[in-house]
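Please have the sequence and the 3D view at hand as you read.

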Amino acid sequence: MLSAKPEFTLQALAEKLGAQLRGNAAHCINGLGTLSNAQSQQIAFLANPRYKPQLATTNAGAVLLTPADAENFSGNALVLANPYLAFAQLTALFDQTPQPALGIHASASVSATAMVPASARIGAGVVIGEEVVLGERCVIDAGAVLHDRVSVGDDCRIHSNVVVHHDCVLGNRVNICAGAIIGADGFGFANDRGRWQKIYQLGRVVIGSDVDIGANTTIDRGALEDTEIHDQVIIDNQVQIAHNVVVGQGTAIAACCGISGSSRIGRYCILAGGVGLVGHIEICDHVQITGMTMVTKSITEPGSYSSGTAFDHTDKWKKMAVRLRRLDDLATRVRNLEQGKPSL
Amino acid sequence: MLSAKPEFTLQALAEKLGAQLRGNAAHCINGLGTLSNAQSQQIAFLANPRYKPQLATTNAGAVLLTPADAENFSGNALVLANPYLAFAQLTALFDQTPQPALGIHASASVSATAMVPASARIGAGVVIGEEVVLGERCVIDAGAVLHDRVSVGDDCRIHSNVVVHHDCVLGNRVNICAGAIIGADGFGFANDRGRWQKIYQLGRVVIGSDVDIGANTTIDRGALEDTEIHDQVIIDNQVQIAHNVVVGQGTAIAACCGISGSSRIGRYCILAGGVGLVGHIEICDHVQITGMTMVTKSITEPGSYSSGTAFDHTDKWKKMAVRLRRLDDLATRVRNLEQGKPSL
Amino acid sequence: MLSAKPEFTLQALAEKLGAQLRGNAAHCINGLGTLSNAQSQQIAFLANPRYKPQLATTNAGAVLLTPADAENFSGNALVLANPYLAFAQLTALFDQTPQPALGIHASASVSATAMVPASARIGAGVVIGEEVVLGERCVIDAGAVLHDRVSVGDDCRIHSNVVVHHDCVLGNRVNICAGAIIGADGFGFANDRGRWQKIYQLGRVVIGSDVDIGANTTIDRGALEDTEIHDQVIIDNQVQIAHNVVVGQGTAIAACCGISGSSRIGRYCILAGGVGLVGHIEICDHVQITGMTMVTKSITEPGSYSSGTAFDHTDKWKKMAVRLRRLDDLATRVRNLEQGKPSL
């Protein structure tokens, strides 16, 4: 049931955030908004300098501001070093995502050999296999399936219709969005004179702590050794991570990326949407890859990488594409010109 | 259970379609087919002029034709302005997609506070949360999960294993194919000195009427405001729509597209398969984008847009790719030639 | 429950594989490993010549080797023609993927008109519709849904939360990974003056024998005729196969590929990850397509095909992209130089 809308005084919010309060400490806030749309009971934030002019006209009941931005602002303000981070922290206060009731829903199927603490919330139709171990305060939403011997740390949330296959391991505070499939078999086959012979996938998926995995994302189990997702990795929707991939700490992977088998991604990398990596390559730490780039070999230096062509009107693009097919010919003709050879 | 195969006289079909009937009004039709494959109890259609020669040899029991195409055709015909549309309308007559029995399946978990009309069909294992409101004649297939406070209009179909998260809103006649995830959390994080701080997603997904959403597609809820899918939008399988995207009326999005956060797509646009949009851009009405195009900035004029390179034999493509890396050098050499500078 | 770890003597493994045994026939093997990581109770393999130096230092209890590679190896060896194939065969011995208990789980919903042999294993929460027919020894994992009149051959495995829609047909030994959706409606609409009119999809998906389908993959049912996946096809995760596609025998499709409607892929083709095919084209037998290639027309000759641009540092790539937009201009300038026209 929808609980009453949460409400906080600016005083209370300032204390939670460790912010300096300017203005009316008793002013009540019941939500968040953008500078342009926030109402008098909402708090807004200024993180991107291009929105600074909106400070003059905002109706927000208060604004999260840096000391510099707060200087000329006469309204209510919470002043701190990182307003965007403070905004993120405040969203937790106003979140109303429901969760299953404490305990195990009558329609769930939980193996007698599973360890489910009293602090767990197990939703309708959930299936928990043999020898599964759940940490404290886990929330397993309706329709999720945890196969035999899965191990889950404390404070994890596994959303509806997620499947976690046998023997996979999750750390603490792991959030897996709906429909994600963890630990399905990797795509491994040997070719026997034209026939594909399945290679059973004997490894696991091992996920660290503070990891976030998006809706309908798939992370395959390893062939012999494990697929590894390290601490503080965040992965968006519909990402495909193949068997034996390793994703390093703090890396972010946006939607629709595909990471081929046995590739290793370093720490604190950012892959934009739709990026593809071939298999068996290594990306070093602190690499950014722009959207829809195809990465065909290892990257050994930090920095930003891209591929693809800019988009254009289709008719111009078609001309370009034709010219591109003849680029080798064009280069030869330039060489001939340089050498004073007659044109053909 | 499979009901008996439906059967209609040409007279009946002509009346349903408002078509002019030529030939045997009593002829019985029990299915649809292509001109080349239809049998004598099936009706075919001619929409693409390149198939016109097949009129001479078709075994179809009748053909949907324009007045012009019907002129020299001697078989049974239903004559009308738009044969392809008529074909689409006829498919509804022959569809035998099963649906759950009227009422609530014994294995479903429906909250006592949900409003489920007597006209609803709720399948096995369905989960319906608190304060969910269903319109008339909704069909919720086996394994679907509707979280708390979801609002669904009349005549919606939500297929198996779909998840609709809390507070999302669906209009009338919305069809959501199996495995789609509506309203999972958007991919929002603030960076706190290398650690990702989750931004709780406080908005909803609001879907208009007559919307069709494909299998395993994901549409994330908004961060502060809502993600919006307007009336008559059709979306194919495995599309990813990020938080706070707005898709305008009548737009079609083919499979595997990825739309990044806060982008706005206008009305009556067509995105072919695999198109990617970066975030925070705007596409005006009546834009077509060809397959696998990466759209990196706003589009302000209607028309067709493309990116990418034509495919080729891998060895030729490799040469082209090498030349492309040296394109800047080639342009400099051409400039030198034009200026009479010696080649290096 | 985890059964005791399986263990085999080298003698037993040699007999299973038809291999020549060199060394200690009584040595016990309880698992598989790579040459570099295998322990004394594990068996390794040498398939890729670049790992041959590891033979000198491996701790593996035995190695699968070709006669040539076995010549200078003094450890325990199983000698045979195709070590990688033998490795694949051995993985089956050590696989410990759990399966539901024999029979029908109490929480499953199985129609009285479905034919479920006593050899079937039906997991928790499974839903099986009317007139479904299962062959012998099928395993249907928790949360899977088989709609009315689905026909499944012998020895199939349908993993958790898979949906197979009505009337679809699976051959023998078909493996469908978790979350895959088989037979959802194809993306077919007629345009009625700006409004989309749904074309009901009257065909099925017909899948041959020995087919493997990855997690969260979607294969749509045909519009009038069937979508067909022939024998021995292997398909990875998150692949989208549209209505009326035909995939020929023995073809492999890696993750994130998208195949548009009515395209036909020949036999023994290999599509790498992220490949896209437009609709209504035909790919002949024995074609390889490299990663993220966009295939825009039919391919009539066997061979390897590619598209895209190599990735580079973003700043270099940006320069290239600008030059590429001006490629038509560059070609004109070269033509002018060749013709002795003055530069502009």
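Let us begin with a hairpin. In chain C, β21(C) and β22(C) form a hairpin with two residues between them, and R193(C) in the turn has a positive phi of about 45°. Strand β21 (residues 189–192) and strand β22 (residues 195–198) of chain C pair in the antiparallel sense over four bridges. Within this pairing, N191(C) stands opposite W196(C) in β22(C). Helices (H or I, at least four residues) and strands (E, at least two) are DSSP runs, numbered from the N terminus, and two strands pair if DSSP finds at least two bridges between them.

A word on the origin of the model: it is predicted, so local features need pLDDT of at least 70 and side-chain atom pairs count only at pLDDT 80 or more, while totals for chains, interfaces and linings use all residues. Residues are numbered from 1 along each chain as its sequence is written, and chains are lettered from A and ligands numbered from 1 in the order in which they are written.

**How the chains are related**

Two copies of a chain are related by a rotation about an axis and a shift along it. Chain C is superposed on chain A by a rotation of 120° with 0.0 Å of shift along its axis, at an RMSD of 0.1 Å. That is the relation of a three-fold axis. In chain C, the C-alpha nearest the axis belongs to G308(C), 3.5 Å from it. For chain B on chain A, the rotation is 120°, the shift along the axis 0.0 Å and the RMSD 0.1 Å. Of the residues of chain B, G308(B) comes closest to the rotation axis, with its C-alpha at 3.5 Å. The copies use different surfaces, as 20% of the contact residues of chain B recur in chain A.

**Where the chains meet**

Two residues are in contact if their C-beta atoms, placed from the backbone, lie within 7 Å. Between chains C and A, 60 residues of chain C are in contact with 65 residues of chain A. Among the elements that each supply at least two residues of the chain C side are α3 (83–94) and α4 (314–325) of chain C. The largest share of that side, seven residues, comes from α3(C). Its residues divide into 29 nonpolar, 24 polar and seven charged.

The other contact takes 65 residues from chain B and 60 residues from chain A. On the chain B side, the elements that each supply at least two residues include β20 (181–184), β21 (189–192) and β38 (303–306) of chain B. The residues of this side comprise 24 nonpolar, 28 polar and 13 charged. Here Ala, Val, Leu, Ile, Met, Phe, Trp, Tyr, Cys and Pro count as nonpolar, Asp, Glu, Lys and Arg as charged, and the others, Gly among them, as polar.

| Strand of chain A | Partner strand | Sense and bridges | One bridge pair |
|---|---|---|---|
| β38 (residues 303–306) | β39(C) | antiparallel, two bridges | S306(A) and D312(C) |
| β39 (residues 312–313) | β38(B) | antiparallel, two bridges | H313(A) and Y305(B) |

**Sheets within the chains**

In chain C, eight strands form an open sheet in the order β12-β15-β18-β23-β26-β29-β32-β35, with parallel pairing. β12 (133–134) and β35 (282–283) of chain C stand at the edges, each with a single partner strand, so one side of each is left without a neighbour in the sheet. β12(C) pairs in the parallel sense over two bridges with strand β15 (residues 151–152) of chain C, and V133(C) stands opposite S151(C) in β15(C).

β2(A) and strand β7 (residues 77–79) of chain A pair in the antiparallel sense over three bridges, with L21(A) opposite L78(A) in β7(A).

Conventions:
Copies are superposed by least squares on the C-alpha atoms of residues with pLDDT of at least 70 in both.
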